[in-house]
Amino acid sequence: MKLYCFSGHPTLPCNVLKFKSTTIMLDCGLDTTSVLNFLPLPLVHSSRLSKLPGWVSKDGTINLEKELKECAGRVFVDSQPEFCLPERELLDLSTIDVILISNYHCMMALPYITENSGFMGTVYATEPTLQIGRLLMEELVNFMERVPKPQSATCWKSKEVQRLLPGPLKDAVEVWAWKKCYTMQEVNSALSKVQLVGYSQKVELFGAVQVSPLSSGYSLGSSNWIIQSHHEKVAYVSGSSLLTTHPQPMDQSSLKNSDVLILTGLTQMPTANPDGMLGEFCSNLAMTIRAGGNVLVPCYSSGVIYDLLECLYQFIDSANLGTTPFYFISPVANSSLEFSQIFAEWLCHNKQSKVYLPEPPFPHAELIQTNKLKHYPSIHGDFSNEFRQPCVVFTGHPSLRFGDVVHFMELWGKSSLNTIIFTEPDFNYLDALAPYQPLSMKCIYCPIDTRLNFHQVSKLLKEIQPLHVVCPEQYTQPPVSQSHRSDLMLELQPPPMPYRRCSVLNLPFKRRYERVYIMPELANSLVPCEVKPGVSVATVSAVIHSKDNKHTLQSVPKPPPAPPSKKRKRVIEEPPAFMSPKALLSGAVPLEGFLATLQKHGITEVKVEETPAGHILHLQEQDTLIQLDEDGTHIVCDNNEPLRTTLRDLVLRFLLKL
């Protein structure tokens, strides 16, 4: 069993498991942190960005004024943002049989994997994962295509130039492999390969293994996966949560008795309590509105935003924010809010029960009905007519490099009355803000990450007790910024097996058994023989038939009769007769009983020598050795065939013939 690691990002995993003649890709997350090295894409012309000075090396030998721009001491690429893809040279992608998706954040690289690679397999995901994943991809494509960049920067990627660049551009990983965003055509083609599955549904792969999704409790439709054969079980735990939020709770019991557990997607904020962050979010929002300022919340169009809106629903009246307009701006805002209301069977029990009342499971439906929450596809059109301040705006993208959020940063960044509140943990907020400096607006960092923390995962692993744990190497050591915090790492016995980008692990796990079926007519012909109370054994002579990884024992076919021959032959060739198998011997030869038998047959002078594996009997008068081992008996007797035959028969008296 082998594990290939295509991604080094612990919360955006992409691994390939080779198990029992199948090749299974586990997630295909897209590392979007690479976009922080690029300048933002403004929706309207930005004189500030257009006037940024170009970068020239200190010695003046390298001039990349057209490609690189300087802003507040940092250097940015002035080009269409590009993404760091999963590694594609480690394995031939056309050999992948299936891709298992655990949640919609971990499928954003799917078009890069399935398109133009020869991939012919199937992708398995739950319905909310597919539909919300489609929305997030559609939004990303929309953000990129509506602000096209005329030039494409490539010179800065050369090794000679890169080593002269200031950080963090200098330290960027595999910049030559970075790619521009896919097209909507590629998205549709990739998603057409997805087959929908439900929780605990068993899907058979080529008769070799079964895969089954389990609720992971993190987001709508998010899954952990069980990959098992008849005798082995692998659990894949990615992006799970034990907190009581809107998705179905995590299924923990089905993860028990795993031979290998692949663990990834733990919280990126192990020291931040999600409930505390929600409280801080609400109080900072209220303070800004009361002071007459606007609040900007850069967010994804699905996920945490549902919890933020629910929290605000309970908070609005008590904080006297009833007249404050809330705007949700995204090309897929309407679809996202509607989808969250219709996936009832994927919600927690509390929200499911509301559907049958009938009531909308999420309170944002009421916010929309009462006009407290308004949603728009973009800042153009209706929004610009109805926009009034002070207000709260939820919009993307959390990186602040593209989307409508760029316009609000340019619009509100110069006033200290306004506040930007970061809730998504995927991006370092200081890096996100870097191209907007100097900035007057207040910045609040309230990262809300409901995924498992190290304390929760240690408790979980003690309960489910896998034999081996495999995880990203980041989880086996404390964070660099808090090297003294040994509680912010996985400490297990035996220690977990770490992996990093481009590593290939041989998992410490040997397959020992295979299930074989036996045909009824063959089973009828067997004659079991009892070897010890309650245990019977029978020998089988059969032909093994293997198809689709299923093995069947069938009766040995009798040879066909020879066709009649017109020519006379001197020797008549008989068809070869089927030889019946020799009897198998079972049991052990007891030393005392064997010596007594030898004495009865006149062999008295026997010298016994003990060995690590048994005994050696030296028959001195006959000059013969008998070696009695745990797994065999040897008779060494020179030129005395009658004696050898007699001794053999005496040994056979103590053994059981099958």
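**Briefing: sheet, hairpin and helix pairs**

Val-295 stands opposite Thr-419, a residue of strand β19. Keep in mind as you look around that this is a predicted model.

**The open sheet**

- Val-295 and Thr-419 face each other where strand β15 (residues 295-298) runs parallel to strand β19 (residues 419-422), the two being joined by two bridges.
- The open sheet has six strands, and reading across it you meet β17-β16-β18-β15-β19-β20, with parallel pairing.
- Which strands stand at the edges? They are β17 (373-376) and β20 (442-445); each has a single partner strand, so one side of each has no neighbour in the sheet.
- Going from one strand to the next, the twist averages 20 degrees.
- Helix α12 (residues 405-412) packs on this sheet and touches β15, β16 (326-329), β18 (392-395) and β19. The direction of α12 makes about 150 degrees with that of β15.
- A handy general point for looking at any sheet: in a regular strand, side chains alternate between the two faces.

**A span from the record**

- In an unreviewed entry, UniProt lists residues 305-433 as "domain: Beta-Casp".
- In the model, this span is 40% helix and 12% strand. The C-alpha atoms at the ends of residues 305-433 lie 21 Å apart.

- Strand β25 (residues 529-532) pairs with strand β26 (residues 535-537) in the antiparallel sense, over three bridges.
- One of the bridge pairs is Lys-532 with Val-535 of β26.
- How many residues lie between β25 and β26 in the hairpin? There are two, and Gly-534 in the turn has a positive phi of about 85 degrees.
- Glu-530 sits in strand β25. Setting aside neighbours within four places in sequence, Glu-530 is in contact with Val-535, Ser-536 and Leu-656.
- Leu-656 is 126 residues from Glu-530 along the chain, yet their C-alpha atoms are separated by 9.4 Å.

**Helices α16 and α17**

- For helix α16 (residues 591-600) and helix α17 (residues 641-652), the angle is about 140 degrees and the axes are 10 Å apart. This angle is why α16 counts as oblique to α17.
- The crossing of α16 past α17 is right-handed.
- On the α16 side, Phe-594, Thr-597 and Leu-598 make the contact, and on the α17 side Leu-647, Leu-650 and Val-651 do.
- Sorted by type, the residues of the contact between α16 and α17 are five nonpolar, one polar and no charged.

**Helices α3 and α5**

- Helix α3 (residues 127-145) packs with helix α5 (residues 184-191) at about 165 degrees, with 10 Å between their axes. Angles over 145 degrees count as roughly antiparallel, so that is how α3 lies relative to α5.
- The crossing of α3 and α5 is right-handed.
- From α3, Leu-130, Arg-134, Met-137, Glu-138, Val-141 and Glu-145 take part, meeting Met-184, Val-187, Asn-188 and Leu-191 of α5.
- What kinds of residues make up the contact of α3 with α5? They divide into six nonpolar, one polar and three charged.

Technical notes:
Residues are numbered from 1 along each chain as its sequence is written. This is a predicted model: local features need pLDDT of at least 70, side-chain atom pairs count only at pLDDT 80 or more; totals for chains, interfaces and linings use all residues. Side-chain values use heavy atoms; hydrogens and water are left out. Two strands pair if DSSP finds at least two bridges between them. Helices (H or I, at least four residues) and strands (E, at least two) are DSSP runs, numbered from the N terminus. UniProt positions are given in the numbering used here, feature names are shortened, and annotations may be inferred rather than shown by experiment. Axes are lines fitted to C-alpha atoms, for helices over the stretch in contact, and angles run from 0 to 180 degrees between N-to-C directions. Contact means heavy atoms within 4.5 Å. Angles under 35 degrees count as roughly parallel, over 145 as roughly antiparallel, 65 to 115 as roughly perpendicular and the rest as oblique. A crossing is left-handed if the near helix is turned anticlockwise from the far one by less than a right angle, and right-handed if clockwise. Ala, Val, Leu, Ile, Met, Phe, Trp, Tyr, Cys and Pro count as nonpolar, Asp, Glu, Lys and Arg as charged, and the others, Gly among them, as polar.
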